[in-house]
Amino acid sequence: MSEPKTATPTPAGDTYKGWVFKWTNYIKGYQRRWFVLSNGLLSYYRTQAEMGHTCRGTINLATATITVDDACNFVISNGGAQTYHLKASCEVERQRWITALELAKAKAARLQPESDDSGDDFSQSPPSAPSGKGGGGSQNSEVQSALRTLGSKVEDLSTCNDLISKHGSALQRSLSELDSLRLTGEAGDKFRQVTERATLFRITSNAMINACRDFLALAQAHSKRWQKALQAEREQRVRLEETLEQLAKQHNHLERAFRGAAAQANPAADNKSAVGAAKGEASDEDDDNEFFDAVEEAPEFITVPADPHFHKRSSSNASGFNSEMCSDDQSLNEEPLAMNQESPSQESLPLKKRRTRIPDKPNYSLNLWSIMKNCIGKELSKIPMPVNFNEPISMLQRLSEDLEYHELLDKATKCHSSLEQMCYVAAFSVSSYSTTVHRTGKPFNPLLGETYELDRRRESGYRSLCEQVSHHPPAAAHHAISDRGWTLRQEITVASKFRGKYLSIMPLGTIHAIFEKGNNHYTWKKVTTTVHNIIVGKLWIDQSGEIDVVNHTTGDRCHLKFAPYSYFSRDVARKVTGVVMDKEGKAHYVLSGTWDEKMEFSRVMQSTRGGENGSEGKQKTVYQTLKAREVWRKNPLPEGAETMYYFTALALTLNELEEPVAPTDSRRRPDQRLMEDGRWDEANSEKQRLEEKQRIARREREREAFSQRAPSHPDEAVDEDSLTDPSLKSAPHDLYKALWFERCQDRITGEQVHIYKGGYWEAKERGCWEGCPDIF
């Protein structure tokens with residue numbers, strides 16, 4: 001047998017390790033194992049090299065019993081399935097282990113009175129014989145053991161913290177007494193007392209530091225083990241994916257073989273059967289064009305490629321359908337629209353050159369303590385959030401970014417049918433999310449009455465206006481009109497829920513797109529935005545939910561589904577799928593793509609109800625489609641975007657100073673401008689000033705509203721405190737009315753919304769901004 005190594009305690013005195021012989025079974029008898037006693041847990045390994053990755057078993061001493069058999073043998077049992085029969089090399093070595101185990105048990109019982117057992121799930125005990133471990137411990141027990149060990153270290157830290165607090169208080173009292181003491185004979189005694197307490201404090205602090213060091217070392221050691229376990233899980237997932245892929249292909253080939261056999265058995269089948277055979281032939285030629293949604297998402301439909309020459313072989317009664325299809329495809333594949341014809345005077349003026357860069361984002365570290373200390377003694381509503389969490393544009397400018405891909409609406413005006421137009425409107429509704437994939441910064445909350453204009457009439461034929469129309473709840477109204485025959489309007493209110501690890505942002509409100517040609521009126525809502533890793537880790541954003549784009553004129557509808565991110569999904573991340581249907585529910589187009597890159601559409605030739613059953617027992621619809629064509633693709637980011645808040649080319653121009661704009665325009669907001677210039681400390685001070693100014697203005701409006709309410713309640717006294725009395729919450733507390741938008745009922749949705757009432761662009765032409773409030 002190999003010579004045992006003498007176990008030696010660590011300097012901290014809480015770890016003991018060495019070679020001990022452990023009973024395994026009747027065949028192998030006692031085998032040498034490396035035992036480690038730490039924090040009330042006795043673990044063993046086959047070799048010292050296994051300590052970094054494989055623990056063979058662990059027993060919690062807090063509930064264990066320790067008995068001595070003879071000069072060298074001793075038994076450790078937790079009263080359940082775990083019993084270690086051990087033998088030391090000599091009596092002296094056995095006594096060292098017994099002493100260390102008894103001390104560790106006492107400490108574990110004191111610190112962890114309620115901890116559960118853990119260790120060898122596979123240990124086997126022969127009848128009336130020593131028991132031992134026959135195989136490797138489960139990963140679950142290993143993780144539980146690690147968590148208990150970490151918990152023990154946390155308890156040590158807590159104990160040391162209490163001692164530091166106790167001795168620190170005593171030291172502070174002694175220092176206070178010494179400070180008030182005059183020079184008498186007691187001075188020497190007081191000095192000695194201070195010295196003793198300072199020494200105790202230093203010893204306790206050193207223990208605290210050592211405990212922290214041990215905690216860090218233990219966490220690092222277990223992190224390597226967990227990384228290996230994670231890698232094993234990933235490799236297993238890859239193998240499962242490959243197996244599922246093979247099964248899916250086999251199922252597909254069997255389905256095609258069955259349909260081919262059915263077609264041969266019934267050559268006089270109708271045109272529908274011929275279409276099925278043509279689908280089988282096309283699938284054989286190009287398997288790569290087939291795609292299936294992720295299994296866990298339970299997709300409602302499957303698309304397969306149809307024969308591109310199917311319509312030429314169809315019977316004559318389908319000629320009308322085919323000619324319509326050709327016309328539609330030509331329209332959808334048309335060249336980009338030319339610029340609208342301008343008047344000679346406008347053509348003579350050169351287009352304004354927009355900026356392509358802003359100052360780089362400063363590398364300022366966020367000091368949470370500096371934020372917390374500024375919150376001491378303040379009301380929650382008056383705590384300013386630093387600009388470190390922001391990006392240098394306002395929410396109004398972020399809304400205007402929806403128009404980055406306005407050319408989709410321009411193309412939609414040229415479509416010959418509402419179904420074609422629906423494809424472009426649906427793609428436009430998806431395109432507005434493409435800017436969010438890297439943009440984790442929060443836009444500035446607009447001040448009440450703040451506006452933002454985006455005049456791109458000469459470059460792109462449209463101009464838009466946003467105004468913050470409400471502060472509680474915050475709501476922004478947006479109106480854009482184009483010379484090319486479309487109008488876009490929306491009023492968005494944001495609701496959010498903090499769920500611990502992530503933040504869900506739910507935009508409330510309806511978006512309207514109206515086209516002059518055909519008088520088509522579309523509406524849709526936004527999906528939920530989720531910001532992950534709020535507390536720890538790198539922030540990342542996901543979009544999930546469903547959108548129904550509805551044409552209220554024709555009844556056409558497009559149902560879009562934003563698939564949430566899933567670690568186990570085989571599908572591409574950020575996937576979006578949708579189907580364009582007429583008012584009868586017949587599918588005409590299928591859309592697919594991702595919200596951060598591109599969208600494609602495919603013309604539906606035939607749809608069949610059947611296919612595989614979904615997770616809820618519902619049959620999926622199989623759509624035979626022509627080759628997919630791209631309808632939208634994201635513009636590349638400007639060079640160096642990573643140092644400019646990941647702004648797009650349009651976003652870089654949004655805060656560029658222009659004249660003349662309204663005095664309430666976001667471009668004139670001083671804290672936002674200071675942040676863009678990299679002067680964040682000044683921006684924080686200015687932001688706090690603006691917010692306080694807004695509170696003062698709100699109190700003035702409340703006072704005015706209360707004074708108008710007072711005549712109807714003459715017995716009530718009007719004082720400063722009554723303005724915040726909860727009993728007055730039911731009363732109208734704010735007389736504010738938007739300047740450029742008016743509140744009315746939407747005739748399509750029935751919602752109370754703010755709609756542009758006109759007058760802004762005329763005021764800009766006159767240079768008359770008399771009605772604008774002073775908010776900056």
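Strands here are DSSP runs of E with at least two residues, and helices are runs of H or I with at least four, numbered from the N terminus.

Four bridges pair β19 with strand β18 (residues 511-515) in the antiparallel sense; pairing requires at least two DSSP bridges. Y522 in β19 stands opposite A513. Five residues separate the two strands of this hairpin, and there G518 has a positive phi near 85°. Strand β21 (residues 540-551) is also antiparallel to β19, with two bridges, and V550 in β21 is the bridge partner of T523.

## E491

Strand β16 (residues 486-498) contains E491. E491 is buried without a salt bridge, and R743, the nearest side chain of opposite charge, is 4.7 Å away. A salt bridge needs a side-chain nitrogen of Lys or Arg within 4 Å of a carboxyl oxygen of Asp or Glu.

A polar atom of the E491 side chain lies 2.5 Å from the backbone nitrogen of H754. Beyond four places in sequence, E491 touches residues including V469, L508, Q752 and H754, with contact meaning heavy atoms within 4.5 Å.

## Helix α11

Helix α11 (residues 418-431) has 14 residues, which at 1.5 Å a residue should span 20 Å, and its end C-alpha atoms are 20 Å apart, in agreement. The expected span is 1.5 Å times one less than the number of residues. In α11, 14 of 14 residues are buried.

## Basis

Residues are numbered from 1 along each chain as its sequence is written, and side-chain values use heavy atoms, leaving out hydrogens and water. The model is predicted: local features need pLDDT of at least 70 and side-chain atom pairs pLDDT 80 or more, while totals for chains, interfaces and linings use all residues.

Notes: Buried < 20%, exposed > 50% of the residue type's maximum accessible area, 1.4 Å probe, protein only. Lys, Arg positive; Asp, Glu negative; His and termini not counted. Polar contact = N/O pair within 3.5 Å; in protein donor to acceptor, adjacent residues only side chain to side chain.
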